[in-house]
Amino acid sequence: MAINVTRIKKSHKELTTLGQSIALLSHGIKNILEGLQGGAYVVEEGFKDGDTELARKGWNVVNKNITDITDVVQNVLYSSKNRPLKYERVAPGQLARDAVGLFQEKAAAMNIRLSQQSNSAVPEVDLDAASIRRVLHNLIWNALEACHRDQEAKPHWVNVQTDFYDADHFMFAVADNGIGMDPATQRNIFEEFFSTKGSGGTGLGLAVVDKVVNKHGGKIEVISAPGEGSTFKIIFKLG
Amino acid sequence: MEKSLRIVIVDDNPDFLFTMETFLQRNGFEVSTANDGKKGLELIRRERPDAVLLDVMMETLFSGFELCKQLRSDHDLQHTPIIGISGMGDELNIQHDQWPDYDYFRPDAFLEKPVDKQKLLSLIPEVIQKAKQRQSRPKWEKEKEEEWAQKASHLRPK
């Protein structure tokens, strides 16, 4: 009797990939844990000495890492769960304004100018608002990071634009003048668990973007060059 | 009074630099920090620390492993005690296998994130001691090692 090993080989490969993915994910989580423990330590030391300034600094570290872990969990959920889209009528410009608003404080702290323009003629459309918010969140965060990691001493900016793409489509375009990507990096960015951010990345952000946009029947365009920055356009049908 | 030990921390995570610097300062160390490997190497050249705390997996191309190799290949700095830190122990094993001269260039000790702070405190004098022993080995052995380092200097970690 012959045994067909193709399936066994395939599941073996899937398991290996899964193992590597979990290793990378836990790498990201360990870094966040380190931040939580370290921050808590500093808070404690501040209290011990009655040094509220030190305690506050420690507390900021704790808070930042709580935000980070929330983000990781959200992205894990969006990348793993096959949840059906919940369409609702939304104004794209409003989604972009909300997303940008959430990052204004962070951008200011990173010394990056974060702006947005939306063409008010773009009509309301049916989208799964929660997952599009997640997409915009990931794209804006990546753009800020790309600026932050750029060593070049120039004023950095991130811009989010909502506009028509052509007669039948509209787009969100998230542009930055940060570090940019070479062609090799661009080929891998939508792969799950691919990251260039070292301890800062889990490799889920753009994989989630890709997944959500595909489910909406939309498409993504990327324009990028090292040292010049990147633009991500996500394009959806009007109506 | 005994002179306090000087530590350089190299890590791409600003939270880690801040909290670890606070911890070590409060335990009597003098601390300087760098957020990438290149700055780290400059800092180590300038400060001649008693030990280096090094994130081996930083995002920049000049990674912790590369920095480690540079230190070990530098005549003046090759005995600097290095404690490698990583959030990914398994990945370290992979690197280990693929790097022929890993044993020569490797850090003196490894710690996993989140770092066990008490273990770190006991590890620092240990690695300093270990580095001293390394330094006091017979001359021929050192020469041999330098020769190997020379031979291997064209090899780059993955």
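**Entry 1: cut-offs for burial.** I count a residue as buried if 20 or more other C-beta atoms lie within 10 Å of its own, and as exposed if 12 or fewer do. Anything in between is partly exposed. I also note at the start that this is a predicted model.

Entry 2: Which residues of H2(B) are buried? I find Gly37(B), Gly40(B), Leu41(B) and Ile44(B). I then looked down the axis of H2(B): these buried residues fall within an arc of 100°, so they line one face of the helix. On the other side of H2(B), I see that Glu42(B) and Arg46(B) are exposed. What do the buried residues pack against? Their partners are strand E1 (6–10), strand E2 (30–34), E3 and helix H3 (64–73) of chain B.

Entry 3: I followed the chain out of the helix. H2(B) is followed by Arg48(B), with a positive phi near 45°. Arg48(B) sits in the loop between helix H2 (37–47) and strand E3 (51–55) of chain B. Is Arg48(B) buried or exposed? It has 11 C-beta neighbours inside 10 Å, so it counts as exposed. I flagged the phi because most residues other than glycine have a negative one.

**Entry 4: a cis bond in chain B.** I went through the peptide bonds next. Lys113(B) and Pro114(B) are joined by a cis peptide bond, with omega at about -10°. Where is Pro114(B)? I place Pro114(B) in the loop between strand E5 (109–112) and helix H6 (117–135) of chain B.

**Entry 5: Ala149 in chain B.** I looked up Ala149(B) in helix H7 (residues 139–152) of chain B. Ala149(B) has 18 other C-beta atoms within 10 Å, which makes it partly exposed. I also checked its distance to Ser73(B).

**Entry 6: chain B as a whole.** I count 7 helices and 5 strands in chain B. From the N terminus, their order reads β-α-β-α-β-α-β-α-α-β-α-α. Of the 158 residues in chain B, 38% are buried. I took the contacts in chain B with a separation of 6 or more: 71% of them join residues 24 or more positions apart.

**Entry 7: the sheet in chain A.** I moved to chain A. It has an open sheet of 5 strands in the order E2-E4-E5-E7-E6, with mixed pairing. Which strands stand at the edges? They are E2 (112–118) and E6 (219–225) of chain A; each has a single partner strand, so one side of each is left without a neighbour in the sheet. The twist from one strand to the next averages 10°.

**Entry 8: strand pairs.** I checked the pairs that involve E7(A). E5(A) and E7(A) pair in the antiparallel sense over 8 bridges. Ala175(A) stands opposite Thr231(A) in E7(A). E6(A) also runs antiparallel to strand E7 (residues 229–237) of chain A, and 7 bridges join them. Ala225(A) has Gly229(A) in E7(A) as its bridge partner. The hairpin of E6(A) and E7(A) has 3 residues between the strands, and there Gly227(A) takes a positive phi near 85°.

**Entry 9: helices on the sheet.** I looked at what covers the sheet. Helix H3 (residues 92–109) of chain A lies across E2, E4 (156–164) and E5 (169–176) of chain A, and runs at about 170° to E2(A). Helix H4 (residues 129–148) of chain A also packs on the sheet, where it touches E2, E4, E5 and E7 of chain A. The direction of H4(A) makes about 25° with that of E5(A).

**Entry 10: Asn111 in chain A.** I looked between H3 and E2 of chain A and found Asn111(A) in that loop. Asn111(A) is not a glycine, yet its phi is positive, about 65°. With 10 other C-beta atoms within 10 Å, Asn111(A) is exposed.

**Entry 11: confidence.** I left this check for the end. The predictor gives the complex an ipTM of 0.73 and a pTM of 0.69. Chain B has a mean pLDDT of 81, and 76% of its residues reach 70 or more. Over residues 92–100 of chain B, the pLDDT is below 50. Beyond near neighbours in sequence, that stretch has 9 contacts in the model. Where pLDDT is low, the predicted coordinates should not be read in detail.

How values were computed:
Residues are numbered from 1 along each chain as its sequence is written. Chains are lettered from A and ligands numbered from 1 in the order in which they are written. This is a predicted model: local features need pLDDT of at least 70, side-chain atom pairs count only at pLDDT 80 or more; totals for chains, interfaces and linings use all residues. Helices (H or I, at least four residues) and strands (E, at least two) are DSSP runs, numbered from the N terminus. Two strands pair if DSSP finds at least two bridges between them. Axes are lines fitted to C-alpha atoms, for helices over the stretch in contact, and angles run from 0 to 180 degrees between N-to-C directions. Two residues are in contact if their C-beta atoms, placed from the backbone, lie within 7 Å. The arc is that of the directions from the helix axis to the C-beta atoms. pLDDT is the predictor's confidence in each residue, from 0 to 100.
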